[in-house]
Amino acid sequence: MRIGSMAEKGSFKCKPFTVSNFIVLVLSLFPKISSSQSYNYGDALSKSLLYFEAQRSGRLPYNQRVGWRHHSGLTDGLDQGVDLVGGYYDAGDNVKFGLPMAFTMTMLSWGVIQFRDQIAAGGELRHALEAIKWGTDYFIKAHTHPNVLWAQVGDGDTDHLCWQRPEDMTTSRRAYKLDEENPGSEVAAETAAAMAAAAIVFKTTNPHYSHLLLEHAQQLFEFGDKYRGKYDETIEGAKGYYTSVSGYKDELLWAALWLYKATDNSTYLNYAIQNANAFGGITWAISEFSWDVKFAGLQLMASLLPMEGKNEQQRQILQQYRSKAEHYLCACLNKNNSTNVQRTPGGLLYTRQWNNMQYVSTAVFSLTVYSDHLQSTNQMLNCHKDSVGPTEILSFVKSQVDYILGSNPVGVSYMVGYGAAYPKKVHHRGASMDPYRDSKVFVGCTQGYDSWYGRQDPNPNVLVGALVGGPNSKDDFTDRRGNFVQTEACTYNTAPLVGVFAKFNALEKSNSSSLVSSI
């Protein structure tokens, strides 16, 4: 994992753009760029949320919809005298890594905050709230003291020696904690961000729970800021799996902005203003956004804050945040003079070989959010090469979403379970073996490798809604269980797409007559 680009200087300003123009253009968006194949974004939305139920750890609820999964990790934390049952497995293994789990919840919550009405219109708001709460309930358990956070359960090295269903785990379930003497500011701050974002989500529907999340978020932010240190120096087992390359300063800024959004307390805004330069918030011009590198995300958040009521220093710093956010957005759109995100011959954004789709999903989410912002404020994005309006941005986003769903040179949907052709041999322990409900015969550590891992048959269970790592730089993709670079899916791949699918589903429904007449 590496930071994408060096800091660059640049000025990106917005130009006026009328609402009437946007309405006319957006009505023609779908027929104008529609491919020969029609995509059901509502179905993609439903499937994306179903995926999180397949990744659940702990005692599964009565309304669990993914029937091939069963209870697992029921003794997590027991050896340390703490209840750490619950949460999510991050990908195709059985470790609960705190940093990517928290980022997943932050992005899922941001999607609900931004596209709540569209998710509700798609009939999926309840499932979205359940997915978030499954994660935040675990964070509450893991935050056992204001300055203690249990940041990981399980060990990546021993876990990867075995190929077992989570229901059969025999690997180490040791839990790892962060405290005053063993800091981990990245995980503390990201968990604070997740709980602050979720507090906004539940503010009207569950105010008591929202208040509880906010209390935990504030304590965790204070802990992460006061006792600074890299979490992977405390939990060395995280290195090689979720190494913190960017450090913790981006997470601290990110958490401060989420707490400001959740509380309207100017203390958190001032933190992001006063530390903007020293922490890299207004000096790093980044061309990627991920569980590790949050600069583009926090810059985007800062750029969406209203200028009204801000003093001169705050306005100047927020404008600098905006400049860096727009560098990222313009890089995604291939509109910068120098640093742009590479694309495959088929048109997919391409950042790096391993799990490239994670960068695509955060990019399309960021672009969709900013497109809404431009539309609501009657502005355009002025990149180095030319100005870009909200409709052009959405058109590009649609090209990326459609590529994911099947409009690509291979003709495969990289969202598992969507369409007729999708990856059948996903690198995922639970999905690759007989479901526990049908076969409760214990599968041993190496037995799984011997009996299941190398099979040429498709997985017995479909990991519906999972977004796999995707193709290489030439659009090539090999559907093989051992090809984890391309066939492993992660929770943070799918999370940003939930809101985007909801947005496009709503647009498609509102323009259904135009779509029909254009085909």
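Visitor: What volume does the largest cavity have?
Guide: First, this is a predicted model, where local features need pLDDT of at least 70, side-chain atom pairs count only at pLDDT 80 or more, and totals for chains, interfaces and linings use all residues. Residues are numbered from 1 along each chain as its sequence is written, and side-chain values use heavy atoms, leaving out hydrogens and water. A cavity is a set of points, on a 1 Å grid over the protein atoms alone, where a 1.4 Å probe fits but cannot get out, and its volume is the space filled by probe spheres set on the points, which are joined across faces, edges and corners. The structure holds 3 cavities of 30 Å³ or more, and the largest has a volume of about 50 Å³.

Visitor: Which element gives the most to the lining of that largest cavity?
Guide: Lining residues have an atom within 4 Å of a point, and among them here are Tyr138, Trp150 and Val187. Helix H4 (125–142), strand S3 (149–153) and helix H6 (185–201) each give two or more residues; helices (H or I, at least four residues) and strands (E, at least two) are DSSP runs, numbered from the N terminus. The one that gives the most, with 4 residues, is S3.

Visitor: How many disulfides are there?
Guide: A disulfide is a pair of cysteine sulfur atoms within 2.5 Å. Cys162 and Cys445 qualify, with S to S at 1.9 Å, and so do Cys330 and Cys383, at 2.0 Å. The count comes to 2 disulfides.

Visitor: How many residues apart in sequence are the parts that Cys162 and Cys445 tie together?
Guide: Cys162 sits in the loop between helix H5 (156–160) and strand S4 (175–178), while Cys445 belongs to helix H15 (residues 445–453), so their bond ties together parts of the chain whose separation is 283 residues.
The link is left-handed, with -90° about the S-S bond. To repeat the separation: 283 residues.

Visitor: Is Cys330 buried or exposed?
Guide: Buried means under 20% relative accessible area, exposed over 50%, and partly exposed in between (1.4 Å probe, protein chains only). Cys330 has a relative accessible area of 0%, so by that rule Cys330 is buried.

Notes: On a 1 Å grid over the protein atoms alone, a cavity is a set of points where a 1.4 Å probe fits but cannot get out, and a pocket is an open set with protein on both sides within 12 Å along at least five of seven lines; lining residues have an atom within 4 Å of a point.
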